[in-house]
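Reader: I am new to this structure and would like to know what the terms used for it rest on. Please show it first.

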Amino acid sequence: MSLLGKAAVAMWWNIRPERRAEFGDWHSHEHFPERISIPGFRRGSRWTSTTDAEGFFVLYELEQYEVLTSRGYLDRLNAPTPWSTRMMPHHLGMVRSQCRVAASFGGGVATSLATIRLSPRAGQEAQLQAHLSEALGAMAQKAGLTGAHLLLTDTPRKSSPTTEQRIRGRDGAADWIVLLSGYDADVVERAGAEQLSPSALHAAGAQDNPTTGRYRLAFTMTPQDVAAT
C-alpha cells in the first residue's frame with residue numbers, strides 16, 4: 001500500500017458493539033464519500049482491529065499538507081451532517097493525528113495492517129528517523145508484506161477545536177506512526193513483533209512502551225469511487 005500523497009490523517013477509536021452496524025452504514029455511505037469529495041483527499045481506508053472487538057483505525061491520504069487547513073476540509077469539520085452529529089459521540093477514545101509523510105515504500109492495497117505509535121527520545125530524532133526509513137524500505141520488499149510507512153504528527157499551528165471535535169470531546173494525538181501492511185497477516189504480525197519490537201525501537205532511539213495495533217481492511221474509497229456512485 002503506497003501512500004497517495006505527502007500528508008495524512010491517522011485516527012484510532014472504539015465503537016461499542018451495539019453501534020457497529022449503524023457506524024458501518026454511516027461511515028461507508030455518507031462519511032467516506034463526503035471526506036473523499038474534498039479537494040486534496042486521495043484515499044480513505046477503514047480497518048477493523050483483530051485484537052480489540054471495539055477498535056478501528058482510519059487513514060486519510062492527502063495530496064499536500066496544506067489540505068489540512070483548506071477551506072474545503074475545515075468547512076466539513078465545522079458543519080457535520082445530522083447523521084454525523086448523531087454518530088460523533090460514539091467515537092470513544094479518539095486519537096487523531098494530522099501528519100506529514102516522512103517515508104513511504106511499497107505498492108498495492110493490503111488486507112492486513114499493523115500500526116505502531118511511538119516517540120523519539122530527546123536528541124535521537126534524526127537517528128531514529130534514519131533507522132526507520134532504512135528498515136521500512138527493506139521490509140516493504142519482503143514476501144507477505146506490501147508497504148511500510150512513517151508518519152510524523154505535525155498539527156497545524158492554527159488548528160483549533162472544530163464542531164466535530166467539540167461533539168466528540170477532547171481528542172488525543174499520536175507522535176510518530178509506523179504503518180506496516182501486507183497480504184499475509186501472520187507475516188505482518190511477525191515483522192512488527194520482531195524488527196519493530198519495543199526493544200529494537202528503543203535501541204534505535206525511541207522511548208519505551210510504543211502502542212501497537214493489528215487490523216484487517218474493512219473498506220477503502222478513492223475520488224474515482226465517489227464519482228462512479
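Reader: What makes strand β3 count as mostly covered?

Author: This is a predicted model, in which local features need pLDDT of at least 70 and side-chain atom pairs count only at pLDDT 80 or more, while totals for chains, interfaces and linings use all residues. Residues are numbered from 1 along each chain as its sequence is written, and side-chain values use heavy atoms, with hydrogens and water left out. Buried means under 20% relative accessible area, exposed means over 50%, and partly exposed lies in between (1.4 Å probe, protein chains only). In β3, residues 55-62, eight of eight residues are buried. On one side these are Gly 55, Phe 57, Leu 59 and Glu 61, and on the other Phe 56, Val 58, Tyr 60 and Leu 62. A strand here is a DSSP run (E, at least two residues) and a helix is a DSSP run too (H or I, at least four), both numbered from the N terminus.

Reader: How do you know which strands are joined to β3?

Author: Two strands pair if DSSP finds at least two bridges between them. Strand β1 (residues 7-14) is joined to β3 by eight bridges, and the two run antiparallel. Strand β2 (residues 41-49) is also antiparallel to β3, with seven bridges. Both pairs therefore meet the definition. Within them, Trp 13 has Phe 56 of β3 as its bridge partner, and Arg 43 stands opposite Glu 61. Five residues connect β2 to β3 in a hairpin.

Reader: Why is the pair of Arg 35 and Glu 164 called a salt bridge?

Author: A salt bridge is a side-chain nitrogen of Lys or Arg within 4 Å of a carboxyl oxygen of Asp or Glu. For Arg 35 and Glu 164 the N to O distance is 2.7 Å, so the pair qualifies. Arg 35 is in helix α1 (residues 20-36) and Glu 164 in helix α5 (residues 163-168), 129 residues apart. The structure holds ten salt bridges.

Reader: Is Arg 35 buried or exposed, and what does it touch?

Author: Arg 35 has 3% relative accessibility, so it counts as buried. Contact means heavy atoms within 4.5 Å. Apart from neighbours within four places in sequence, Arg 35 is in contact with Phe 41, Tyr 60, Tyr 73, Arg 76, Leu 77 and Glu 164.

Reader: What makes Arg 100 and Asp 154 a salt bridge, and where do they lie?

Author: Their side chains meet at 2.7 Å, N to O. Arg 100 lies in strand β4 (residues 92-106) and Asp 154 in the loop between β6 (145-153) and α5, so the pair ties together parts 54 residues apart in sequence. Arg 100 is partly exposed because its relative accessible area is 37%, and Asp 154 is partly exposed at 28%.

Reader: How do you know that Glu 189 and Arg 214 form a salt bridge?

Author: The N to O distance between their side chains is 3.6 Å, and the limit is 4 Å, so the pair counts. Glu 189 lies in helix α6 (residues 185-194) and Arg 214 in strand β8 (residues 211-221), so parts 25 residues apart in sequence are tied together. Glu 189, at 36%, is partly exposed, as is Arg 214 at 30%.

Reader: Why is Asn 209 called exposed?

Author: Asn 209 has 68% relative accessibility, so it counts as exposed. It is found in the loop between α7 (198-204) and β8.
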